[in-house]
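The sequence and structure are shown below.

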Amino acid sequence: MKARVHVMLKNGVLDPQGEAVRHALGALGFDGVNGVRQGKVIELDLAEGTSESDVTAMCEKLLANTVIESYSVELA
């Protein structure tokens with residue numbers, strides 16, 4: 001069983017990496033980009049029977065800083 005966790009900064013939190021990417025894209029001639037938000041994807045290879053609530057607990061305790069980041073979980 002696999003889980004994919006998407007972690008992004010919450011709206012209103014400054015994203016300096018995203019801003020650097022937006023600036024670099026502009027420097028490369030891609031002028032139509034008004035904003036970039038950068039996040040991360042974490043793929044977990046889980047034992048059968050691992051519940052979505054277990055993955056949520058992993059996110060809350062380690063994988064995401066819930067003060068400034070939001071996350072979503074996909075199980076496959």
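Helices are DSSP runs of type H or I with at least four residues, numbered from the N terminus. The model discussed here is predicted. Within helix H1 (residues 16-27), Glu19 and Arg22 are 3 residues apart, which means that about one helical turn separates them. Their side chains meet in a salt bridge, with an N to O distance of 2.4 Å. Glu19 is partly exposed at 40% relative accessibility, and Arg22 is likewise partly exposed, with a relative accessible area of 25%.

**Sheet and helix packing**

An open sheet is formed by 3 strands in the order E2-E1-E3, with antiparallel pairing. Strands E2 (39-45) and E3 (69-75) each have a single partner strand and stand at the edges, so one side of each lacks a neighbour in the sheet. From one strand to the next, the twist averages 20 degrees. Strand E1 (residues 2-9) pairs with E2 over 7 bridges; in E2, Ile42 is the bridge partner of Val5. Helix H2 (residues 52-63) lies across E1, E2 and E3, and runs at about 150 degrees to E3.

**Nonpolar core**

The largest nonpolar core has 10 residues, among them Ala3, Val5, Ile42, Val55 and Leu63. Elements E1, E2 and H2 each give two or more residues to this core. In soluble globular proteins, nonpolar side chains tend to be buried together. Leaving out residues up to four places away in sequence, Ala3 touches Ile42, Glu43, Leu44, Leu46, Val55, Glu74 and Leu75.

Thr50 lies in the loop between E2 and H2. Thr50 counts as buried because its relative accessible area is 17%, under the 20% limit. Its side chain reaches the backbone oxygen of Ala47 at 2.7 Å. Beyond its neighbours within four places in sequence, Thr50 is in contact with Met1, Val55 and Met58.

**Salt bridges**

The count comes to 3 salt bridges, as tabulated here.

| Pair | N to O distance |
|---|---|
| Lys2 and Asp45 | 4.0 Å |
| Arg4 and Glu43 | 2.6 Å |
| Glu19 and Arg22 | 2.4 Å |

The pair of Lys2 in strand E1 and Asp45 in strand E2 links distant parts of the chain, 43 residues apart. Lys2 is partly exposed at 48% relative accessibility, whereas Asp45 is exposed, with a relative accessible area of 63%. Glu43 lies in strand E2 and Arg4 in strand E1, so this pair ties together parts that are 39 residues apart in sequence. Glu43 is exposed at 54% relative accessible area, and Arg4 is partly exposed at 34%.

Terms used:
Residues are numbered from 1 along each chain as its sequence is written. This is a predicted model: local features need pLDDT of at least 70, side-chain atom pairs count only at pLDDT 80 or more; totals for chains, interfaces and linings use all residues. Side-chain values use heavy atoms; hydrogens and water are left out. Two strands pair if DSSP finds at least two bridges between them. Axes are lines fitted to C-alpha atoms, for helices over the stretch in contact, and angles run from 0 to 180 degrees between N-to-C directions. Contact means heavy atoms within 4.5 Å. A nonpolar core is a set of buried Ala, Val, Leu, Ile, Met, Phe, Trp, Tyr and Cys residues joined through side-chain atoms within 4.5 Å. Buried means under 20% relative accessible area, exposed over 50%, partly exposed in between (1.4 Å probe, protein chains only). A polar contact is a pair of N or O atoms within 3.5 Å; within protein, one must be able to donate a hydrogen and the other to accept it, and residues adjacent in sequence count only if both atoms are side-chain atoms.
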